[in-house]
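Work through the exercises below with the coordinates open. Try each task before reading its solution.

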Amino acid sequence: MGSDTRSESDLPIHALYDGRSLTGFDADAALGAPGRFPYTRGVYPTMYTGRPWTMRQYAGFGTAKESNERYHELVGAGTGGLSVAFDLPTQMGYDSDETIARGEVGKVGVAIDSIEDMRTLFQGLPLDKVSTSMTINAPASTLLLLYQLVAAEQGVPGDQLTGTIQNDVLKEYIARGTYIFPPYQSLRLISDIFAYCHKELPRWNTISISGYHMAEAGATPAQEIAFTLANAKEYVRTAIAAGLDVDDFAPRLSFFFVARTTLLEEIAKFRAARRIWARIMHDEFHAKNPKSQMLRFHTQTAGVQLTAQQPEVNLVRVALQGLGAVLGGTQSLHTNSYDEAIALPTQKAARLALRTQQVIAYETDVTATVDPFAGSYVMESMTDSLEAAVLELMQAVEDRGGAVEAIEQGFQKSEIEKSAYRIAQEIDHQERTVVGVNKFVLDEQEPYEPLRVDPQIETHQCERLTALRRDRSRSEVERALGTLRTAARGTANVLPPMREALRLRATVGEISHTLRDVWGVHVPVDAF
């Protein structure tokens, strides 16, 4: 019999599990039926036996026109949901012609400066039929309103639009850094989005509370779930404090997690997360609507585990990661392209990533039954162990005053950095194998020609902005921005005046600067 090993969460994985591993295990209380509290076995009774998960592909680069062409290719290949990547200036609320944006326009996603860019981005796409996820946080309200305005131009009303804005700014302070405003002002904006969408966009997922980026920064599976759910509790408290009823907004909350190659722990992680969230919403927030208790989530395969060495091996990694997400019960899935450790994915690589999901859905038998690992000695034991570790970390956040106070004390960031260092040391010392990096290496790497972004994109985007400002009514835009400024200084919902300013062709940067002037910007403690 082999010796025990340690999981990514530094929990023991025993060489053998048997009936004694589940002593005292109450299947009815711990599992329930699929689609029933506490949703350990999945949020829907039939899961994939009726239809597969939504297959999303994350795309967006260069100009809106180029990205639009890629979206048409993906939809034609069978993608049911689009997932939009925005460039760094857009994510930070800057226009493409601002000095701070130089060299970054169109690099890691598409540049969106105004309603004209958004119009081009979704031209000819059936917005009443596709589900659109937008990876945008601090300026999430701005991009959502642009999407709504463009859909209205196409004749699609708000109550027909489906999709998600990430809109999770707390994880930005922890792991990613694309924040703008101080935490409490950011929370006010998020609660305004909740209230606005409840009336205007009832089918829209108003937030995708993300553990993915924390995992990419080095968080363990236990930390990923614990810090994500702690952030989620902060959002729920903020919305309730703003006067919203929990069952008015909680059914539209969604989550975003990573899928690693450590298959068993990842499946256990997803199952434990569902159970914990159901009990939090039921016991702590007294949510009565079953949909408020369901942890619905999107999954993306682990970009941090992809290697530039022998990149074709990433096809195997992504297939395993995708399988783990499916066996864990995800509602939608993005599979990374094998070449993403090198550059933006090529068209062929993006198509292969989608084909990976289609093979899992249509050529395997994992969709024939719900939660195939239920009752497994190893799976139920690992699920329980992860649940205990997650609850311990969540209590540590509560002991510091909640997610925002813990962020300001640097707790989550420090814990993630420790884990990232531990994993890096294990790889360096060959205690953890990474194929092609520290074992099974090649003397020479095969040549690869990555997709490159045209540097002229920045010039063309700046020219578009110049023409926009010349052709619009400056006085109307300034008047609309003034109305937005007044709302931001008071307690009124800022989204209606923001929408009017955007309709009049105010830019993403102008909206963000207006709010910066009122709310200020976040300066992290370690910046001093």
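The exercises cover cores, aromatic pairs, cavities and a pocket in this predicted model.

**Exercise 1. Nonpolar cores**

Task: Find which residues have the most contacts inside the largest nonpolar core, and list the contacts of Phe255 beyond four places in sequence.

Solution: 
- Step 1. Size the core. The largest one holds 72 residues.
- Step 2. Phe255 and Trp277 have the most.
- Step 3. Set aside the neighbours of Phe255 within four places in sequence. Its contacts are then Ser208, Ile209, Thr228, Leu229, Ala232, Trp277, Leu295, Arg296, Phe297 and His298.
- Step 4. Look for a separate core. A second one has 54 residues, including Val130, Leu161, Ile165 and Ala501.

**Exercise 2. Ring geometry**

Task: Classify the pairs Tyr48–Trp53 and Phe257–Phe270.

Solution: 
- Step 1. Count the aromatic pairs. There are 15.
- Step 2. Take Tyr48 and Trp53. Their ring centres are 5.1 Å apart and their planes meet at 75°, so the pair is edge-to-face. Both Tyr48 and Trp53 are buried.
- Step 3. Take Phe257 and Phe270. The centres lie 6.4 Å apart and the planes are at 45°, so this pair is tilted.
- Step 4. Phe257 sits in strand β9 (residues 253–259) and Phe270 in helix α11 (residues 263–284), 13 residues apart. Phe257 and Phe270 are both buried.
- Step 5. Extend to the cluster. Phe255, Phe257, Phe270, Trp277 and Phe297 belong to one aromatic cluster.

**Exercise 3. Cavities**

Task: Describe the linings of the largest cavity and the second largest cavity.

Solution: 
- Step 1. Search the whole structure. Six cavities reach 30 Å³ or more.
- Step 2. Take the largest cavity, with about 110 Å³ of space. It has 15 lining residues, and Tyr48, Val326, Leu327, Asp371 and Pro372 are the closest to its centre.
- Step 3. Sort that lining by class. It has seven nonpolar, four polar and four charged residues.
- Step 4. Repeat for the second largest cavity, about 60 Å³. Its lining has seven nonpolar, three polar and no charged residues.

**Exercise 4. The second largest pocket**

Task: Which helix gives the largest share of the lining of the second largest pocket?

Solution: 
- Step 1. Get the volume: about 710 Å³.
- Step 2. Find the lining. Of 30 residues, Glu8, Gln305, Ile423, Ile427 and Arg432 lie nearest the centre.
- Step 3. Assign elements. α8 (212–216), α13 (313–327) and α17 (411–428) each supply at least two lining residues.
- Step 4. α17 gives the largest, with six residues.
- Step 5. Sort by class: 13 nonpolar, seven polar and ten charged.

Note on methods
Residues numbered from 1 in each chain as written. Predicted model: local features only at pLDDT ≥ 70, side-chain atom pairs only at ≥ 80, totals over all residues. Heavy atoms only, no water. Core = buried A, V, L, I, M, F, W, Y, C linked by side-chain atoms within 4.5 Å. Buried < 20%, exposed > 50% of the residue type's maximum accessible area, 1.4 Å probe, protein only. Contact = heavy atoms within 4.5 Å. 1 Å grid on protein atoms, 1.4 Å probe; cavity = no way out; pocket = protein on both sides within 12 Å on 5 of 7 lines; lining within 4 Å. Points joined across faces, edges and corners; volume = space filled by probe spheres on them. Helix = DSSP H or I, 4+ residues; strand = E, 2+ residues; numbered from the N terminus. Nonpolar A, V, L, I, M, F, W, Y, C, P; charged D, E, K, R; others polar. Phe/Tyr/Trp six-rings, centres within 6.5 Å; stacked < 30°, edge-to-face > 60°.
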